[in-house]
Amino acid sequence: MRIVVVPALHYHLTKLPSVTDADEASALAFADEVLDVATASDLRYSVSIPISGVHVEGNETLTVSDVRVRRLLPSEQGAIFDERGGFASMMTTFTEIPHTVLELELRGPRNKQNLSLFERAQPLTTAFQLFGHHVKGRFAVQGAEPPWVMDGRGHQPLLLPQRSHDTGAATQITPEDLLDIVTRAEQLERYHISEPRSPRDLAVHRFVAGLARDSYADGVLDFTIALEALLLPYDESARRGDLGYRFRVHGAHYLSEHPDDRPAVAKQLSGIYEMRSRLVHGSKYPDKTQIMEAYALASDFARRGLLRALKEGFPTPALFNQAVLS
């Protein structure tokens, strides 16, 4: 009574305009839901990720497997606004109201506690970023279906930008886009994005960290580290002093779409490496325009390189040695 019936009754009553509006249909809906939950061998859980930067056409809901993308209702946007402090926080912590939501669903044994979908949230938002969608947000929110099954909702911060570095319009997501994103997100689940445990984890971690930075200089450093982790796998036969040379040569082979592009890519990578050195060690600090140009170039190289690594596997010393020798 206390754990199932009372929470369900409270939830269904608050959905009614008035208690006097209760009728047989609403009573049966309440009773059926209670019986379904009480007799189910497993329970349904959900994670929602409110984001900005992407949208779907009209009121369409896109679905791939257990992932949905849809437009937030005005009432849901208002609830997020109120939850973040409303007008009182506009000048301090509030950034922008999300207009899209990513939703995940999972069924799990009813006798397990702390069943979580949070570990799938970061790979999913990272996959959006790898395909060039500049998603912005703050939290993943976990709950249950129906909502009264879980007492309250869990919030987990995500490594995402809270505001955009540019003023471009949000990108539109198609069903084909979402299929590609979900496929890459499933591959990303094997990597520890929030707490790296290997150079490959670090490459992905630094890419998403760079996008989340408010500072362009910090972003350049993050993206350069991501590229180093990708393009300079440990090779015991290579000398440490050759890092800059290997960085631009490996990158020219790995990141160029055509062999004729390799000299230009090598020159651009050399500029990124030099910019990192100037930011950390140089006596002549670069101006904001130079830093912003390096930020755009380094972020795009890191995005393209990681996307290829997910498709084909991360590059090895043997792959780079063969590329150079050929």
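Start with the lining of the second largest cavity. By class, that lining has 5 nonpolar, no polar and 3 charged residues. Keep in mind that this is a predicted model. Which residues are they? Val67, Leu104, Arg120, Leu124, Val182, Ala185, Glu186 and Glu189 line the second largest cavity. The space inside comes to about 40 Å³.

Where does the lining come from? Two helices, α4 (118-130) and α5 (175-188), each supply at least two of the residues. Helix α5 gives the most, with 3 residues. In the whole structure, the search finds 2 cavities of 30 Å³ or more.

Now stay with Arg120, one of the lining residues of that cavity. What is its salt-bridge partner? Arg120 forms a salt bridge with Asp66, and the closest N and O atoms are 2.8 Å apart. This pair links distant parts of the chain. Arg120 sits in helix α4, while Asp66 is in the loop between β3 (62-64) and β4 (67-71). They are 54 residues apart. Arg120 counts as buried because its relative accessible area is 18%, under the 20% cut-off. Asp66 has 23% relative accessibility, so Asp66 counts as partly exposed.

Buried or exposed? Ser65 is exposed, with a relative accessible area of 62%.

Next, the salt bridges in general. The count for the model is 13. Take Glu103 and Arg70. They form a salt bridge, with the closest N and O atoms 2.9 Å apart. Again the pair links distant parts of the chain. Glu103 lies in strand β5 (residues 100-109) and Arg70 in strand β4, 33 residues apart. Both ends are on the buried side of the cut-off. Glu103 is buried, with a relative accessible area of 11%. Arg70 counts as buried at 17% relative accessibility.

One more pair: Arg213 and Asp222. Their side chains meet in a salt bridge at 2.6 Å, N to O. Arg213 is partly exposed, with a relative accessible area of 33%. Asp222 is buried, with a relative accessible area of 1%.

Some salt bridges are connected. Which residues do they join? Salt bridges that share partners join Arg68, Arg70, Glu76, Glu103 and Glu105 into one network. Remember Glu76 and Glu103 for the next part.

On to the largest pocket. About 690 Å³ of space lies in it. Its lining counts 29 residues. Which of them are closest to the centre? Ser48, Glu76, Glu103, Val141 and Arg153.

The largest share, 6 residues, comes from β7. By class, the pocket lining divides into 12 nonpolar, 7 polar and 10 charged residues.

Follow the chain on from β7. Which bond joins Glu145 and Pro146? A cis peptide bond, with omega about -5°. Pro146 is found in the loop between β7 and β8 (154-157).

Now the surface. Which residues form the nonpolar patch that I want to show? Leu9, Leu13 and Val19, with about 250 Å² of accessible area together. Leu9 lies in helix α1 (residues 5-14). At 38% relative accessibility, Leu9 counts as partly exposed.

Last, the overall picture. The protein has 11 helices and 9 strands. Along its principal axes, the C-alpha trace spans about 80 × 45 × 30 Å. Of the 326 residues, 42% are buried.

To recap with two residues. Arg120 lines the second largest cavity and pairs with Asp66.

Terms used. Residues numbered from 1 in each chain as written. Predicted model: local features only at pLDDT ≥ 70, side-chain atom pairs only at ≥ 80, totals over all residues. Heavy atoms only, no water. 1 Å grid on protein atoms, 1.4 Å probe; cavity = no way out; pocket = protein on both sides within 12 Å on 5 of 7 lines; lining within 4 Å. Points joined across faces, edges and corners; volume = space filled by probe spheres on them. Helix = DSSP H or I, 4+ residues; strand = E, 2+ residues; numbered from the N terminus. Nonpolar A, V, L, I, M, F, W, Y, C, P; charged D, E, K, R; others polar. Patch = residues over 30% accessible without salt bridge, like charges linked within 9 Å, V, L, I, M, F, W, Y side chains within 5 Å. Areas by Shrake-Rupley, 256 points an atom, 1.4 Å probe, with all protein chains shown as cover. Salt bridge = Lys/Arg side-chain N within 4 Å of Asp/Glu carboxyl O. Buried < 20%, exposed > 50% of the residue type's maximum accessible area, 1.4 Å probe, protein only.
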